[in-house]
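Here's a quick briefing to read alongside the model. Keep the viewer open and click along as the topics come up.

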Amino acid sequence: QLQASGGGLVQAGGSLRLSCAASGRTTSSLTMGWFRQAPGKERELVAVIRWSGGSTSYADSVKGRFTISRDNAKIAVYLQMNYLKPEDTAVYYCAARSGHPRWPATEYDAWGQGTLVTVSS
């Protein structure tokens with residue numbers, strides 16, 4: 001089970017930090033990611049982290065602005081979002097899968113409830 005939090009309204013250029021706590025999940029072979037879905041658009045992966053080793057990958061649209069990280073003790077993942085743009089406005093979801101990172105949303109078997117991020121211009 002995943003519990004996401006931290007969304008809100010922010011002006012362009014501002015920052016937000018999203019959090020996602022995982023329960024009932026072991027960290028061996030765990031991959032966690034943050035997806036987002038804007039109105040009328042498909043859900044897209046913006047950042048992913050492989051629990052073992054901590055390797056990360058990002059969508060081109062957020063590279064250099066977003067950072068995904070994990071907390072081993074809490075089994076939690078975070079998304080630090082800086083220099084936010086209006087086009088970052090979306091519902092953000094955390095997701096988990098067992099195995100290596102994959103980009104399609106269909107590869108993830110657990111989802112948080114979504115948290116809305118709104119960036120005003």
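This is a predicted model: local features need pLDDT of at least 70, side-chain atom pairs count only at pLDDT 80 or more; totals for chains, interfaces and linings use all residues.

Contact here means heavy atoms within 4.5 Å. With that in hand, residues 24 or more positions apart account for 56% of the chain's contacts with a separation of 6 or more. Numbering starts from 1 along each chain as its sequence is written, and side-chain values use heavy atoms, with hydrogens and water left out.

**Overall build**

- The chain has 11 strands and 0 helices, where helices (H or I, at least four residues) and strands (E, at least two) are DSSP runs numbered from the N terminus.
- The radius of gyration, taken over C-alpha atoms, is 13 Å, close to the 14 Å that the globule rule gives for 121 residues, so the chain is as compact as a globular protein of that length. That rule is 2.2 Å times the number of residues to the power 0.38.
- Along the principal axes, the C-alpha atoms fill a box of roughly 40 × 30 × 25 Å.

**Surface and charge**

- Accessible surface (Shrake-Rupley, 1.4 Å probe; for residues, only the protein chains shown count as cover) comes to about 6,100 Å², and 47% of it belongs to carbon and sulfur atoms.
- Buried residues make up 45% of the 121 in the chain; buried means under 20% relative accessible area, exposed over 50%, and partly exposed in between, with a 1.4 Å probe and protein chains only.
- There are 13 positive and 8 negative charges, and their mean positions sit 5 Å apart. Lys and Arg count as positive and Asp and Glu as negative, while His and the chain ends are not counted; each charge is placed at NZ of Lys, CZ of Arg, CG of Asp or CD of Glu.

**Nonpolar cores**

- A nonpolar core is a set of buried Ala, Val, Leu, Ile, Met, Phe, Trp, Tyr and Cys residues joined through side-chain atoms within 4.5 Å. The largest one has 32 residues, and those touching the most other members are Leu-2, Met-32, Trp-34, Ile-68, Leu-79, Met-81 and Tyr-92.
- Elements giving two or more residues to this core include β1 (2-5), β3 (16-22), β4 (30-37) and β11 (115-120).
- A second, separate core has 5 residues, among them Phe-35, Leu-45, Val-48 and Ala-95.

**Loop residues worth a click**

- Ile-75 lies in the loop between β7 (66-71) and β8 (76-81), and it counts as buried because its relative accessibility is 19%. Its phi is near 50°, a positive value in a residue other than glycine.
- What does Ile-75 contact, leaving aside neighbours within four places in sequence? The list is Cys-20, Ala-21, Ala-22, Arg-25, Thr-27, Leu-30 and Trp-51. Ala-22 is 53 residues away in sequence but 5.7 Å away in space, C-alpha to C-alpha.
- Tyr-83, in the loop between β8 and β9, also isn't a glycine and has a positive phi of about 50°. Tyr-83 is exposed, because its relative accessible area is 57%.
- Val-62 sits in the loop between β6 (56-58) and β7 and is buried, with a relative accessible area of 0%. Not counting residues up to four places away in sequence, Val-62 touches Arg-36 and Val-46.
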